[in-house]
Amino acid sequence: MSFASLGLSPAIVHAVREQGYHAPTPIQTAAIPAILRGADVLGLAQTGSGKTAAFALPLLQRLLQIGPDAARQPRVLLLVPTRELAAQVAEVIGGFARQLPERLKISSVFGGVSINPQMMALRGGADIIIATPGRLLDLIEHNAVRLSAVSLLVLDEADRLLDLGFAEELQRILALLPAKRQNLFFSATFAPALAALADGLLQDPERIVIETAPEQRGQIAQRAIEVDASGRTPLLKHLLQTQGWERALVFVATKYATEHVSDQLWAAGIKAAALHGELSQGGRTRVLMALKTAEIQVLVATDVAARGLDIPELSAVINYDLPRSAIDHTHRIGRTGRAGESGAALSFICADSATNSEAHFRLIEKRQGQRIKREQIAGFEPTGLASPEAAVGGVKGKRMSKKDKLRAAGLR
Ligand code: AMP
């Protein structure tokens with residue numbers, strides 16, 4: 001099988017060759033002809049399958065065929081969950097685009113950095129926009145970009161878009177797009193919330209499923225464990241001793257708890273350190289280095305202290321105390337399961353806690369568009385469990401405040 005036989009034009013085939021690709025991967029073989037035909041595509045494939053080129057090549061070919069838009073409004077919109085993926089996709093598309101006869105302008109926009117340079121960069125228009133949803137909406141509000149010329153939409157890593165709490169932003173963006181367009185949907189997993197999103201988006205899609213070996217899957221396995229508040233430290237010790245996690249980050253609510261819990265772990269022979277806001281810069285650097293070099297296994301941290309830090313690849317993130325907001329949750333769990341690694345994100349649910357963490361966790365699930373099965377661990381079953389139905393009565397879904405959104409943008 002060759003790239004030319006998939007229907008790609010000589011200019012695109014040349015660009016592929018320049019990148020050193022000789023033969024298409026399975027997802028490329030299946031997706032490229034379908035996309036060139038104008039079909040919607042539902043692709044279940046992991047990073048590493050070659051999925052980026054699978055949509056990049058046909059979308060470049062289609063842009064060349066249509067020719068430039070007079071107003072230079074973006075004709076292709078790619079939505080991605082993270083800044084890292086935005087950069088990665090931009091690099092792949094840019095690498096091919098550089099080889100083409102027509103100059104195409106590719107802009108990537110994401111949160112966590114100042115909006116002004118992105119607004120400036122969009123002034124002369126763009127052909128392709130690669131965006132995280134929150135920042136794209138901000139730019140639309142600032143009239144820096146319009147979506148009325150988009151004829152091709154790509155959702156990349158749709159599962160992570162939902163994991164990271166972007167369901168609402170996605171719906172707002174979809175409502176701004178022209179109805180007549182081609183939609184490409186890529187995801188590594190296909191939970192019910194994703195099926196609902198894909199159903200609303202895709203028309204008679206070509207389904208492409210690429211099986212990946214489990215060890216290549218980078219994803220976050222979320223677990224919700226019911227336990228008494230007083231049973232959390234013993235359960236934490238048990239998990240750290242039995243799950244084989246190389247590096248874990250445990251989130252607690254207060255500075256006192258970071259120290260108290262890490263002391264108790266030490267006493268049980270588990271190498272742990274506290275990370276809280278009152279630690280000096282040097283102190284923070286030291287504990288992070290200790291985690292990186294495996295001098296310690298566990299970091300017990302508050303949200304504030306962990307914010308913005310370059311924490312090394314983690315095997316597990318544990319919500320000993322639940323985060324205050326869904327967006328903090330997103331940020332916490334996003335620290336595991338990166339770059340093809342699989343990670344676990346565990347939340348301790350305590351029906352007997354003062355804050356009623358069952359009801360609070362339901363709000364987080366609602367924001368994520370996901371429901372996580374409750375489990376109990378033998379020997380650590382809760383004793384004073386209130387009925388979950390009684391607990392959630394009357395609790396409404398919480399919308400993110402402006403502050404939360406700003407914080408989210410700053411963290412992405
Ligand atoms: P992706 O799944 O899109 O993240 O791609 C994974 C890696 O495979 C990237 O480093 C690509 O450059 C590379 N790649 C994608 N398609 C091909 C191909 N047909 N031949 C060789 N390498 C490829």
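This is a predicted model: local features need pLDDT of at least 70, side-chain atom pairs count only at pLDDT 80 or more; totals for chains, interfaces and linings use all residues.
Q: What about the side chain of Y21 and the ligand?
A: An N or O atom of the Y21 side chain is 2.6 Å from an oxygen atom of the ligand. A polar contact here is a pair of N or O atoms within 3.5 Å; within protein, one must be able to donate a hydrogen and the other to accept it, and residues adjacent in sequence count only if both atoms are side-chain atoms.

Q: And which ligand atom does A23 lie 2.8 Å from?
A: A nitrogen atom of the ligand, with a backbone N or O atom of A23 on the protein side.

Q: How much of the ligand's area does the protein bury?
A: The protein buries 66% of the 500 Å² that the ligand exposes when taken alone. Accessible areas come from the Shrake-Rupley method with a 1.4 Å probe, and for residues only the protein chains shown count as cover.

Q: Which residues are around the ligand?
A: F3, Y21, A23, P24, T25, Q28, T47, G48, S49, G50, K51 and T52. To count as near, a residue needs a heavy atom within 4 Å of the molecule or strand.

Q: How does that shell divide into nonpolar, polar and charged?
A: Four nonpolar, seven polar and one charged. Ala, Val, Leu, Ile, Met, Phe, Trp, Tyr, Cys and Pro count as nonpolar, Asp, Glu, Lys and Arg as charged, and the others, Gly among them, as polar.

Q: New topic. How many helices and strands in the protein?
A: 17 helices and 14 strands. Both are DSSP runs numbered from the N terminus: helices are H or I with at least four residues, strands are E with at least two.

Q: What share of the residues count as buried?
A: 53% of the 412 residues of the protein. Buried means under 20% relative accessible area, exposed over 50%, and partly exposed in between, with a 1.4 Å probe and protein chains only.

Q: And what does the accessible surface of the protein come to?
A: About 18,100 Å², with 52% of it belonging to carbon and sulfur atoms.

Q: How many aromatic pairs does the structure hold?
A: Three. Rings of Phe, Tyr and Trp (its six-membered ring) pair if their centres lie within 6.5 Å; planes under 30 degrees apart are stacked, over 60 edge-to-face, and the rest tilted. One of the pairs is F55 with F186, tilted, at 5.3 Å centre to centre and 45 degrees between the planes.

Q: Where do F55 and F186 sit?
A: F55 is in helix α3 and F186 in strand β6 (residues 182–187), so the pair links parts of the chain 131 residues apart. F55 counts as buried at 0% relative accessibility, and F186 does too at 1%.

Q: What kind of pair do Y320 and F348 form?
A: A tilted one, 6.1 Å centre to centre with 50 degrees between the planes. Y320 is in the loop between β12 (316–319) and α14 (326–333), and F348 is in strand β13 (residues 343–349), 28 residues apart. Y320 is buried at 9% relative accessible area, and F348 is buried at 1%.

Q: Is α14 mostly covered or mostly exposed, and how many of its residues are buried?
A: Mostly covered: eight of its eight residues are buried. Among them are D328, H329, H331 and R332.

Q: Where is R72, and what is its phi?
A: R72 is in the loop between α3 (51–66) and β2 (76–79). Its phi is positive, near 55 degrees, in a residue other than glycine. R72 is partly exposed at 26% relative accessible area.

Q: What about phi of E157?
A: Also positive, about 50 degrees, and E157 is not a glycine. E157 lies in the loop between β5 (152–155) and α7 (158–163) and is buried at 14% relative accessible area.

Q: Last one. Is T132 buried or exposed?
A: Buried, with a relative accessible area of 0%. T132 is in the loop between β4 (128–131) and α6 (133–141). Beyond its neighbours within four places in sequence, T132 is in contact with V80, P81, T82, R83, V109, F110 and G111, where contact means heavy atoms within 4.5 Å.

Notes. Residues are numbered from 1 along each chain as its sequence is written. Side-chain values use heavy atoms; hydrogens and water are left out.
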